[in-house]
Amino acid sequence: MEAIWIYQFRLIVIGDSTVGKSCLLRRFTEGRFTDVSDPTVGVDFFARLVEIEPGKRIKLQLWDTAGQERFRSITRSYYRNSVGGLLVFDLTNRRSFQHLKNWLDEARMHMQPFQTVFMLVGHKCDLGHLRQVTREEAEKMALVFGMKYIETSAKDGLNVEESFTILTRDIYELLKKGEISIKEDWEGVKSGFVPNVVHSSEEAVKPRRMCHC
Ligand SMILES: Nc1nc2c(ncn2[C@@H]2O[C@H](COP(=O)(O)OP(=O)(O)O)[C@@H](O)[C@H]2O)c(=O)[nH]1
Ligand SMILES: [Mg+2]
């Protein structure tokens with residue numbers, strides 16, 4: 001059966017270069033980890049469907065910063081046309097943790113006035129012995145930023161699925177509540193492809209033949 005989705009969310013993955021963004025995306029979309037990750041050139045995007053409720057799928061369009069983060073030359077449209085994403089640091093690299101606020105400020109500056117949702121990701125949790133940031137510190141930071149925190153490993157596949165699905169569910173809930181809405185000139189959330197079927201509510205209003213005998 002053809003893939004059908006009710007919405008498409010466009011998400012971005014931001015954070016210092018080498019924190020593991022491309023590996024995280026590749027693990028989530030292709031289910032594999034490749035150790036030699038070539039620094040992405042140009043614009044890279046990935047896609048995957050996520051089932052949020054039985055039969056209800058959301059298509060994720062996932063954009064990778066594609067090496068531009070080295071030069072801080074990420075374009076405005078990259079931020080502007082997304083509904084949120086993952087804010088990633090490397091648990092074994094304290095500097096990447098210290099740069100988080102810059103990343104978030106820049107993203108929020110370009111994304112306003114749209115409501116957006118981010119999740120803080122402490123990545124490479126398989127390297128426990130090299131850890132430079134404690135879970136407590138990261139949780140505190142997430143609280144200050146007003147977002148959830150999760151620790152992931154693309155190498156072990158730990159929490160990769162969860163990070164994207166929790167974020168997707170949170171955006172979906174805001175959409176249902178009307179706090180996020182679809183806009184004509186914005187790519188963050190789009191209405192999906194729904195098959196041409198007769199809905200039960202339409203069925204109910206059809207005139208019924210009655211027998212008067
Ligand atoms: N140990 C470990 N290394 C990782 C993990 N994810 C990425 N890496 C390594 O970190 C380096 C940078 O990864 P990459 O995805 O290119 O980072 P990006 O610049 O943020 O896109 C590469 O050498 C990866 O093999 C992980 O979960 N665990
Ligand atoms: Mg990359």
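Are Phe89 and Tyr149 buried or exposed? Both are buried, meaning under 20% relative accessible area with a 1.4 Å probe and protein chains only, where exposed would be over 50% and partly exposed in between.

## About the model

This is a predicted model, in which local features need pLDDT of at least 70, side-chain atom pairs count only at pLDDT 80 or more, and totals for chains, interfaces and linings use all residues. Residues are numbered from 1 along each chain as its sequence is written, chains are lettered from A and ligands numbered from 1 in the order in which they are written, and side-chain values use heavy atoms, with hydrogens and water left out.

## Aromatic pairs

Searching the whole structure turns up 8 aromatic pairs. Rings of Phe, Tyr and Trp (its six-membered ring) pair if their centres lie within 6.5 Å; planes under 30 degrees apart are stacked, over 60 edge-to-face, and the rest tilted. Tyr78 and Tyr79 make an edge-to-face pair, 5.8 Å centre to centre with 80 degrees between the planes. Tyr78 and Tyr79 are both buried.

For Phe89 and Tyr149, the ring centres are 6.3 Å apart and the planes at 15 degrees, so this pair is stacked.

## Around ligand 1

Let's turn to the ligand. A backbone N or O atom of Thr18 lies 2.7 Å from an oxygen atom of ligand 1. The side chain of His123 has an N or O atom 3.0 Å from a nitrogen atom of ligand 1. In the side chain of Lys124, an N or O atom is 3.0 Å from an oxygen atom of ligand 1.

Note on methods
Polar contact = N/O pair within 3.5 Å; in protein donor to acceptor, adjacent residues only side chain to side chain.
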